[in-house]
Amino acid sequence: MQAYDLVIVGGGIGGSALATVMAEAGRSVLLLEATDVYQDKVRGEWIAPWGVAEVQRLGLYDRLMAAGGHHITRHVTYDETRAPEDAEATALPLGIFREGVPGPLCLRHPIHCQTLFDAAKAAGATALRGVNVMSATGGPDPTVVYEHDGRTVEAHARLLVGADGRTSQVREAAGIVLHQDKPHHWFAGLLVDGVEGWDPTLQAIGTEGDFGFLAFPQGEGRVRVYGGYPLDQAQRFKGPDGARRFLDAFAMACSPGNAALVAGEPAGPLFSYFNADSWTDEPFAPGVVLVGDAAGWNDPILGLGLSITYRDVRIVSDLLKASDDWRAVDFSSYAQERAERMRRLRFIAGLQAAVDMEFGEAAAERRRSLFERGAADPSLKAHGLGVMAGPEMLPPEMFTEEHRARVLGG
Ligand SMILES: Cc1cc2nc3c(=O)[nH]c(=O)nc-3n(C[C@H](O)[C@H](O)[C@H](O)COP(=O)(O)OP(=O)(O)OC[C@H]3O[C@@H](n4cnc5c(N)ncnc54)[C@H](O)[C@@H]3O)c2cc1C
């Protein structure tokens with residue numbers, strides 16, 4: 001039998017970051033990760049400026065930069081309803097959203113996870129890979145039974161943390177219910193190598209025909225690209241040449257620079273997900289707290305899962321560091337902040353998906369009208385501030401049906 005202050009199930013971004021911070025604060029931590037090697041599963045590789053601010057507050061920024069972190073400093077929204085020069089003339093500088101943050105931060109997900117896992121180990125956490133968690137129980141005596149290296153071990157903790165992603169075993173065992181929205185569109189992602197001529201400081205999005213694209217450079221000719229397409233096209237990029245056909249879909253008259261992406265080479269798997277939002281009412285139960293996707297996730301159209309996860313880790317670690325009596329730690333302030341944060345982000349994602357990932361003439365006309373009206377009335381584009389600077393930066397009246405109707409022009 002083993003005893004720790006914290007047992008964390010899941011050594012991805014959330015679990016490894018929390019393990020690092022708590023081990024550095026002198027607590028004993030057991031971190032259990034199922035995989036032996038972090039693989040590209042098409043997960044977050046772009047951290048919003050407000051997420052970077054959370055990384056800085058956690059003291060992890062220098063480690064991400066040393067691992068290859070790459071800042072992007074400009075954004076362009078291309079669209080079939082306007083000329084590329086007009087789109088580029090309204091490029092948005094990305095260093096304006098958070099003090100001391102030059103822009104979003106990009107880092108390959110497997111490298112990001114490994115960097116944090118190594119940091120947790122270096123900080124003194126017992127960090128294990130290739131673990132099979134057989135049971136994870138909360139309550140007054142949180143206990144995890146796991147198999148590792150052919151041994152079955154029972155570990156007790158003062159607190160059990162579920163950082164085990166979307167299909168969280170800890171959430172399930174704690175009886176915490178996950179709510180999910182209806183999917184809005186398909187969303188696929190691919191890492192592209194050998195991209196020559198794409199400005200490494202420029203991120204771009206755009207919609208043309210029945211495809212919406214996003215491109216986030218990582219430096220050294222690598223770009224992480226995503227594409228959204230209608231729900232009734234499930235088979236569109238299936239098959240052995242799916243990744244090539246996916247890249248070909250980036251050829252767009254409205255964004256001539258995409259030719260550099262089309263000429264690149266797939267450098268990882270192509271995975272498609274349907275985009276939807278999910279949430280929990282309370283991401284905690286007696287003896288258990290959830291962080292990151294385990295606690296519910298935002299529609300990836302906004303690319304905010306990492307930022308959300310880092311904020312979870314910051315809030316939970318602050319609560320734990322502030323008290324020695326973890327039985328008395330009250331996670332309701334975390335639950336309230338997270339519920340409002342996720343409600344706001346769900347609203348913004350719904351708006352963004354309606355603008356960028358709906359296709360056909362009526363949707364194109366809606367975007368054209370929004371560009372025109374937004375130039376005169378910046379409040380119509382204010383949801384973008386919520387994505388970059390954080391959802392708490394916007395006034396409550398932005399999160400109403402009236403505002404949505406104003407933006408969408410209906
Ligand atoms: C298509 C797509 C694009 C995205 N793009 C972005 C983006 O650009 N920016 C962004 O911020 N976010 C993005 N996200 C979301 C982001 O990847 C996630 O929100 C983030 O990875 C959540 O981190 P996590 O640590 O909670 O979970 P995960 O990254 O899922 O990590 C969970 C870890 O737990 C381990 N695990 C699971 N079950 C067990 C178990 N029973 N025992 C032990 N270990 C276990 C897993 O192996 C994994 O290592 C995207 C998501 C998708 C689907």
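1. Helix H9 gives the most to the shell around the ligand, with four residues. Helices (H or I, at least four residues) and strands (E, at least two) are DSSP runs, numbered from the N terminus. This is a predicted model: local features need pLDDT of at least 70, side-chain atom pairs count only at pLDDT 80 or more, and totals for chains, interfaces and linings use all residues. Residue numbers start from 1 along each chain, as its sequence is written.

2. The shell. The ligand is surrounded by 37 residues, and the closest are Gly12, Gly44, Gly165, Gly292 and Gly305.

3. The shell around the ligand has 17 nonpolar, 15 polar and five charged residues. Ala, Val, Leu, Ile, Met, Phe, Trp, Tyr, Cys and Pro count as nonpolar; Asp, Glu, Lys and Arg count as charged; the others, Gly among them, count as polar.

4. Domains. The chain is assigned domain 1 (2–43 + 107–179 + 279–343) and domain 2 (70–106 + 185–274). These bounds come from an automatic or database domain assignment. Both domains give residues to the shell around the ligand, so the ligand lies between them.

5. Between the domains. The C-alpha centres of domain 1 and domain 2 lie 31 Å apart. Seven residues of domain 1 are in contact with 11 residues of domain 2. Contact requires C-beta atoms, placed from the backbone, to lie within 7 Å. On the side of domain 1 that touches domain 2, four residues are nonpolar, none polar and three charged.

6. H1 against H9. These helices pack at an angle of about 30 degrees, with their axes 9 Å apart. Axes are lines fitted to C-alpha atoms, for helices over the stretch in contact; angles run from 0 to 180 degrees between N-to-C directions. H1 and H9 are therefore roughly parallel to each other. Angles under 35 degrees count as roughly parallel, over 145 as roughly antiparallel, 65 to 115 as roughly perpendicular and the rest as oblique. H1 contributes Ile13, Gly14, Ala17, Leu18, Val21 and Met22 to the contact, while H9 contributes Leu306, Thr309, Tyr310, Asp312, Val313, Val316, Ser317 and Leu320. This contact has 10 nonpolar, three polar and one charged residue.

7. H2 against H9. Helix H2 (residues 49–58) packs on H9 at about 35 degrees, with axes 8 Å apart. From H2 come Trp50, Gly51, Glu54, Val55, Arg57 and Leu58; from H9 come Leu306, Ser307, Tyr310, Arg311, Val313 and Arg314. Six of the contact residues are nonpolar, two polar and four charged.

8. H10 against H9. H9 and helix H10 (residues 332–356) pack at about 165 degrees, with axes 10 Å apart. That makes H9 roughly antiparallel to H10. Asp312, Ile315, Val316 and Leu319 of H9 meet Tyr334, Glu337 and Arg338 of H10. The contact has four nonpolar, no polar and three charged residues.

How values were computed: A residue is near a molecule or strand if its C-beta atom, placed from the backbone, lies within 6 Å of it. Two residues are in contact if their C-beta atoms, placed from the backbone, lie within 7 Å.
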